[in-house]
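Here are my notes on the model you sent. Please read them with the structure open beside you.

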Amino acid sequence: MKPHLLSALFSASLTLAAGSAFAADVRLPDFGSSADVLLTPDLERRYGEQMLREMRAANLIFDDPQIRDYIDALGYRLVAQSERPDRDFTFFVLRDVSLNAFAMPGGYIGVHAGLIATAETESELAAVLAHEVAHITQRHLARAFESASKSQLPIALAMLGAIVAAQAAGNSSGDLAQAAVVGGTALLQQQMINFTRGNEYESDRIGIQTLGRAGFDVDGMADFFARMHRANRANGSQIPEFLRTHPVDTTRIAEAKERAALIRGEGRPRADDSETTLSMPLTVPRIAAQPAVASPVDRSASTALPAFLVFRERTRALASPTPSLLAQDYRRNLEAGSGKDPALANARRYGLGLALVRAGRAEEAVKVFSALDRDVPHSIPVQLALAEAESLSGRHAEAVARVEALDAKRPGERAITQSLATVLLAQSREKDARRATERLKPVLEKIEADPALIETYARASQLAGDEVRAGEMYAELTLLNGRPDDAMGQLRTLLDRSDVDHYQRARIEARIVQITPWALFVQEERRNQRVGP
C-alpha cells in the first residue's frame with residue numbers, strides 16, 4: 001500500500017475531531033460525557049479491533065515477537081503512570097517507513113517503523129507514545145465523535161476495507177485505493193479531521209507528566225518535536241506525515257520545554273534513558289493487551305547493546321524494502337564511525353546481520369552475528385538472530401541447540417519459543433514438529449491473539465499429523481485477519497470430518513458460539529458502510 005494512502009486513511013479515520021466544535025480550547029470533563037452514550041467503550045474497542053485486523057490482513061502490521069514484546073513493554077511502562085492505568089491498551093508497529101504515530105478507538109496505538117528509525121533515544125519514542133496514550137485517556141476521539149456524525153467510524157472502516165480489497169485485487173496503480181480514500185474523505189469534509197490545538201496541547205501536557213513519572217527524560221518530547229520541525233523546514237513541501245496529523249511550531253516546542261523544566265523543578269529528577277525491559281514488574285492490572293511473558297532482553301548485555309537500539313535496528317532492518325542496499329548503508333556507517341560509540345556500532349552490526357538474512361545472504365550473516373556474539377555475550381536478540389542465520393544456512397543442529405539452551409534458561413518466553421519452533425520446523429520432520437507443538441502450546445495458552453505464534457503452531461500441528469488442530473489454528477489466524485465469517489466456515493468444515501472426536505467437536509462448537517457475535521457485528525457494520533457516490 002502506498003504510504004500517502006495509508007496516511008490519508010489514518011487522518012480520516014483516527015483523529016476524527018470536529019474542528020468547528022472544538023475551535024475554542026474548552027476543557028471537558030473526563031467522565032460523564034454524552035460521548036459515552038454515542039460511542040460506548042465496548043463499541044470503541046470493537047471498531048479499533050476490526051481496524052487492526054484489516055491492517056493485519058493487508059500485511060501492514062509487524063507481528064514479530066521481539067518487536068511486539070518491546071513496544072508492549074514501553075507502552076505499558078507509560079500506561080502504568082498514566083491518567084487511566086486500568087485501561088486496556090494495544091500497541092503495535094506498522095511496516096510503513098514514513099514518520100507517524102496515531103491513536104485509534106478502543107485504546108489502540110500504532111507507530112510507524114519510520115518514526116522508530118528516526119528516534120534518537122528511547123525517551124523520544126516514549127514521548128510520542130505518551131502523547132498518544134493521553135489522547136486515549138482524555139477520550140479525545142470519543143469527544144470529537146460526540147459532535148460529529150456516527151457514520152464517521154464506519155466510513156473509515158469501509159475505506160480501509162476498500163483499500164485492502166484493491167491491494168488484494170492487484171491494483172498496482174492504486175486507482176481503486178485512491179478512489180476509496182477520496183470517496184470516504186468527501187463524506188468527512190464537514191468535520192475537520194485533525195485533533196484541535198486544544199487536544200494536542202492537552203496531550204502534550206499530560207504526556208510529559210506521564211513521561212516523567214515513568215522515569216524517562218522529560219525533554220524527550222521537545223527534542224523530538226524540534227527535530228521534526230527542523231526536518232519540515234529542510235524538506236520544504238515534503239512534510240513528514242507526523243507533522244500532518246500533529247502540527248508542530250516553535251510555540252509548541254517552547255511550551256514542551258517549559259513543561260519539562262517545571263516537572264524537574266517540582267522535585268522530579270531528570271531521568272536518564274533507562275532501558276525498557278519486559279522483565280521489569282508492571283503495576284497495571286493484568287488485562288488482555290498486556291504482555292504475558294518476558295521479553296528477550298538480557299540485563300547483562302544492556303550496556304554494550306541497549307534494548308532500545310536493538311529494537312530500533314530490528315524494526316529498521318525488517319521494514320526496509322531494499323535489504324541489500326540497507327546492508328551496504330550499515331557497512332558504510334560502521335566504517336565511517338567505527339569505535340566512536342561502541343553501543344551504536346554493535347546495534348548497527350546487529351542490523352547489518354538482519355539485513356543480510358533478509359537479502360538471502362545467511363552465510364555472511366552467520367559471520368556477522370558470530371563476531372557480535374563474541375563481543376556482546378549473553379545478548380538474547382543476537383543469539384536468536386544467529387540461530388536463524390544458522391538454520392537458513394543449513395546448520396540446523398547448531399541452531400536448535402543454541403535456542404534450546406536459551407529456552408532451558410528462560411522457559412516460556414514468547415520470542416525464544418517462537419524461534420525454537422521455527423528452527424525445529426526448518427527440516428519439516430514430524431518428530432521435530434511434535435516437539436514444536438509441545439513448546440508452543442503452553443505459551444499460546446498465556447498469550448491471546450498472537451498471529452506469529454498461532455501460524456507457527458498451525459504449521460507444526462499439520463506437520464505432526466494433527467490436521468484438526470491445524471485447522472482450528474488456521475481458523476484463528478483467519479479471525480485475526482478480520483474475516484470472522486470465513487473463520488466460522490473453516491470451523492464448520494472441520495465438524496464434517498470423520499476423524500473429529502467428541503472433545504474436539506465440543507471445543508470447535510464452543511469456539512463457533514464465541515465467534516458468532518463478532519461475525520454479526522462485522523456483517524452489520526459492513527451493511528452500514530456502503531459509501532455512496
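1. Of the 533 residues in the protein chain, 58% count as buried. Keep in mind that this is a predicted model. The chain exposes about 21,900 Å², and carbon and sulfur atoms supply 51% of that area.

2. The protein chain contains 25 helices and three strands. Among its contacts between residues at least 6 apart in sequence, 71% join residues at least 24 apart.

3. In soluble globular proteins, nonpolar side chains tend to be buried together. Here the largest nonpolar core has 76 residues, and F91, L125 and F369 have the most contacts inside it. Helix α16 (residues 342-358) gives this core its largest share, nine residues. Leaving aside residues up to four places away in sequence, F369 touches Y350, G353, L354, V357, V382, A385, L386 and A389. A second, separate core holds 29 residues, including I380, I454, Y457 and A460.

4. Helix α20. Its twelve residues reach 17 Å from the first C-alpha to the last, close to the 16 Å expected at 1.5 Å a residue. The helix is mostly covered, with eleven of the twelve residues buried. Among the buried ones are R414, T417, Q418 and S419, as well as I416, L420 and V423. The cover over the buried residues of α20 includes α4, α18 (380-392), α19 (396-409), α21 (430-446) and α22 (451-463).

5. The side chain of R414 meets that of D72 in a salt bridge, at 3.6 Å from N to O. This pair links distant parts of the chain: R414 lies in helix α20 (residues 414-425) and D72 in helix α4 (residues 65-79), 342 residues apart. Both partners, R414 and D72, are buried.

6. Buried means under 20% relative accessible area and exposed means over 50%. R213 has 32% and is therefore partly exposed; E83 has 36% and is therefore partly exposed.

7. Other salt bridges. The structure holds 35 salt bridges. One of them joins R410 to E413, with the closest N and O atoms 2.8 Å apart. R410 and E413 are both buried. Elsewhere, E404, D407, R429, D432, R435 and R439 are linked in a network of salt bridges.

8. The hairpin. Strands β2 and β3 form a hairpin with three residues between them, and G106 in the turn has a positive phi of about 85 degrees. β2 pairs with β3 (residues 108-112) in the antiparallel sense, over four bridges. F102 has G110 as its bridge partner in β3. Within β2 (residues 101-104), A101 and A103 point one way while F102 and M104 point the other way. All four of these β2 residues, A101, F102, A103 and M104, are buried.

Definitions and conventions: Residues numbered from 1 in each chain as written. Predicted model: local features only at pLDDT ≥ 70, side-chain atom pairs only at ≥ 80, totals over all residues. Heavy atoms only, no water. Salt bridge = Lys/Arg side-chain N within 4 Å of Asp/Glu carboxyl O. Helix = DSSP H or I, 4+ residues; strand = E, 2+ residues; numbered from the N terminus. Buried < 20%, exposed > 50% of the residue type's maximum accessible area, 1.4 Å probe, protein only. Pairing = 2+ DSSP bridges. Contact = heavy atoms within 4.5 Å. Areas by Shrake-Rupley, 256 points an atom, 1.4 Å probe, with all protein chains shown as cover. Expected span 1.5 Å × (residues − 1). Core = buried A, V, L, I, M, F, W, Y, C linked by side-chain atoms within 4.5 Å.
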